[in-house]
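Trainee: I have a structure to go through with you. Can we take the labels one by one and test each against its definition?

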Amino acid sequence: MSKYLVESQTPNGYKLNLQTGLFINNEFVGGSDTIDTINPSTGKVIAKVQAAGKEDVDRAVKAAEAAFNGPWGKMGALSRAALMFKLADLIDRDNEELSQIETMDNGKGITFARLFDVKQIAISLRYFAGYADKVHGKVIDTEGALSYTRHEPIGVCGAIIPWNFPLMMLGWKLGPALATGNTCVVKTSELTPLSAYKVAQLVVEAGFPPGVINIITGLGHVAGDALARHMDVHKIAFTGSTAVGRLIMKAAAESNLKKVTLELGGKSPNIIFDDCDLDQAVRWAHKGIFFNHGQTCCAGSRIYVQSTIHDEFLRKFKEYTSQTKLGNPHDDDTFQGPQVSQTQFDRIMGFIETGKKEGATCFMGGERWGDEGYFIKPTVFTDVKEDMAIVKEEIFGPVVTVSQFNDVDDVLNMALDTEYGLAAAVFTKDTARAIDVSNRLKAGTVWVNCFNELDYNTPFGGFRQSGIGRENGEYALDNYIQVKTVKINVTRKP
């Protein structure tokens, strides 16, 4: 038994054995330091986890490189796919344990963890496993020569995943990387490392060769920076804030010009026209902002409602939001649990106070819930101006602004007044209007009559300062391959 295995128990009495070591070369090992991982529902320490320093990152990269040049690189595509399918099966088998870990470490509702987060990593692995033997080049007709392309793996790929969807993001990164024949070093958020380490145990059980998947945690400016700068990492994928995304790009540029994909911040507009199904728009708007406690990069944090239905929308939205169940995230009927950390709690409450000081009306919420943990009541601001901080900046919490507009041009002027471009939504029964507005919005995803609907087979990523590249779907494979042209002379003369 690993010396880094820790016994724990959820508030509802579910017993857990938690791995806390760095997962390198199929073993759990010590790191250069330790970090406390906190239960955000109580503010109490769950366990001390090993934290990676620069030398630990180097160990993980060396293990990944050895696997790429060894058994994994020599393995056929169907065999790679079989291991991915096996890992997905094991994740499904251990859904409840993974869900309990995710909820305790992250604070998300247990029902969402079971039905969304854990299922999504298994779905991603299966989807991309199906592509493993379908990544290939093509023959190109060139006179006097046989010309063809090869789609080859990049090698060791680094991934830095966020704390808001630890398991789902792990799947989004591992799926396309493994399917295309690469090996991986994944750095989890230091706030939420525990569920990924459970997956690491299943990696061994599934039969992956040592070094193919390495999972570490550590501080971003230490372990994350070391991974982004490592000369033997040739691809880095990052999900997180735009500010940190800039640092990742800088580190990649200053080291070996490694390939970079970034899924960054957002301030997504949700546009509601007066011909919509208002009751449905209210429900989707609620999901758009309060899903995952507002800790979603594509959250619909700016709601724009046509003036003719503005007051009715607000009344219905307040009534529906008031029914939101806050509390112990391990209870099946809890919709909103705590924010992930004290730092995040303080940041959100700071934005709420700024909104009040700048003259916005706090229509509902605006304060903490309970006296333990990092809970914030769903908060709605009205009477806002477009230059207010709560309208311009990504809050990443259960805070939304509601504004009104007169016509299409009016709302698009407001919706497009942002540095971000991750997502947007349109609610209308007019198909022509939906298509026109969708085309004019500058966003990587536009939902029509829904919000926060993410599917494994449709690309996700941002315009503008919301990122580079796409995750999910066939488009994601391009991030993990390099194209080689081969020309064989047949009849050409020098």
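Trainee: Which residue is the bridge partner of aspartate 141 in β8?
Mentor: Leucine 146 is the bridge partner of aspartate 141. This is a predicted model, where local features need pLDDT of at least 70, side-chain atom pairs count only at pLDDT 80 or more, and totals for chains, interfaces and linings use all residues. Residues are numbered from 1 along each chain as its sequence is written, and side-chain values use heavy atoms, with hydrogens and water left out.

Trainee: What makes β7 and β8 a pair?
Mentor: Pairing requires at least two bridges found by DSSP between the strands. β7 and β8 (residues 145-153) have four bridges, in the antiparallel sense. Strands are DSSP runs of E, at least two residues; helices are runs of H or I, at least four; both are numbered from the N terminus.

Trainee: Why are β7 and β22 at the edges?
Mentor: The open sheet has the order β7-β8-β22. β7 (139-142) and β22 (481-489) each have a single partner strand, so one side of each lacks a neighbour in the sheet.

Trainee: Why is α10 called oblique to α11?
Mentor: Helix α10 (residues 278-290) and helix α11 (residues 310-321) pack at about 55°, with axes 10 Å apart. Axes are lines fitted to C-alpha atoms, for helices over the stretch in contact, and angles run from 0 to 180 degrees between N-to-C directions. Under 35 degrees is roughly parallel, over 145 roughly antiparallel, 65 to 115 roughly perpendicular, and the rest oblique. So α10 is oblique to α11.

Trainee: Which residues of α10 and α11 meet?
Mentor: Among them are Leu278, Val282 and Ile289 in α10, and Phe313, Phe317 and Tyr320 in α11. Contact means heavy atoms within 4.5 Å. The contact residues divide into eight nonpolar, two polar and four charged. Ala, Val, Leu, Ile, Met, Phe, Trp, Tyr, Cys and Pro count as nonpolar, Asp, Glu, Lys and Arg as charged, and the others, Gly among them, as polar.

Trainee: What makes α5 roughly parallel to α6?
Mentor: Helix α5 (residues 110-129) and helix α6 (residues 166-179) pack at about 5°, with axes 8 Å apart. That makes α5 roughly parallel to α6. Their contact residues divide into 12 nonpolar, four polar and one charged.

Trainee: How many bridges join β17 to β18?
Mentor: Three bridges join β17 (residues 379-382) to β18 (residues 399-405), and the strands run parallel. Threonine 379 stands opposite valine 399 in β18.
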